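Visitor: Please walk me through this model. I would like to start with how its strands pair.

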Amino acid sequence: MSKPVLLVVAHGSRDPRHAATVHDLVRQVRARRPGMRVEAGFLEFNLPSVSGKLESLAAEGVRDIVALPLLLTRAFHAKADIPSVLSQAPARLRIRQAEVLGPSPLLTSALERRLYEAGLSPADKSSTGVVLAAAGSTDPEAIAVIADIAREWRRTGWCAVRPAFASAGSLPRTGEVVESLRALGCARVVVAPYFLAPGRLPDRVAREAGGADLLAPVLGAAPEVARVLLSRYDAAAAVSALAAVGA
């Protein structure tokens with residue numbers, strides 16, 4: 001039985017850096033798994049659209065697809081938008097939606113590596129407070145996941161790790177958390193953006209991080225992200241294979 005096609009489902013953005021990051025990540029995944037077909041589709045703003053990519057794959061004779069949300073939390077897009085688009089796919093396609101990327105210890109490792117790449121020293125860890133700057137959401141599950149990540153990351157030896165959010169309606173904001181970590185007595189305060197690609201919200205985080213000592217880049221096409229992506233694909237593909245055997 002041939003392996004399912006991996007369709008990476010990205011949100012899309014008017015910012016060209018978003019699509020460029022998605023395509024960089026797809027290239028990295030292809031390089032790590034030669035012989036496996038990996039495609040990308042976007043929910044909005046960019047082409048190819050998810051629906052258009054599904055149509056073209058069906059026209060080629062593809063049967064099995066793992067659709068993997070390129071998302072860090074399981075919020076509205078993963079729970080509603082993506083299932084809605086997938087439900088309208090050509091009937092010949094067998095599609096399994098994989099889990100979102102986060103949370104994962106690999107992603108936390110990538111966040112930490114980005115901080116060190118930006119100039120932080122590992123020796124500074126115990127005296128450094130970290131602002132874990134995420135997108136934010138109206139979904140309480142997604143907010144709780146970010147809080148859990150911050151709590152677990154703090155246990156690896158940081159002075160403190162506290163979440164902040166960039167979207168309207170989600171509190172606290174990055175600048176507020178920078179100030180709270182200063183007040184807590186952390187010798188230095190750094191901001192770790194928990195985003196996959198540059199764009200409007202990461203830019204907002206950067207503007208609000210002026211009081212911090214250091215701002216790391218977004219995760220981007222980090223090797224850890226590619227590894228998590230492949231592990232989510234493998235889990236979904238294994239379930240698909242079991243279902244096919246039992247059919």
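Visitor: In which sense do S1 and S3 pair?

Guide: This is a predicted model: local features need pLDDT of at least 70, side-chain atom pairs count only at pLDDT 80 or more, and totals for chains, interfaces and linings use all residues. Residues are numbered from 1 along each chain as its sequence is written, and side-chain values use heavy atoms, without hydrogens and water. Leu6 stands opposite Val66 in S3. Over five bridges (DSSP must find at least two for a pair), strand S1 (residues 5-10) and S3 run parallel.

Visitor: What is the hand of the crossover from S3 to S4?

Guide: S3 also pairs with strand S4 (residues 94-97), parallel over four bridges. Ala67 stands opposite Gln97 in S4. The path leaves S3, passes through helix H3 (residues 76-87) and reaches S4; the β-α-β crossover is right-handed (clockwise from first strand over helix to second, strands pointing away from the viewer).

Visitor: Why is S3 largely enclosed by the rest of the structure?

Guide: In a regular strand the side chains alternate between the two faces of the sheet. Asp64, Val66 and Leu68 are buried on one side of S3, and Ile65, Ala67 and Pro69 on the other. S3 (residues 64-69) is largely enclosed because six of its six residues are buried (under 20% relative accessible area, 1.4 Å probe, protein chains only).

How values were computed
Buried means under 20% relative accessible area, exposed over 50%, partly exposed in between (1.4 Å probe, protein chains only).
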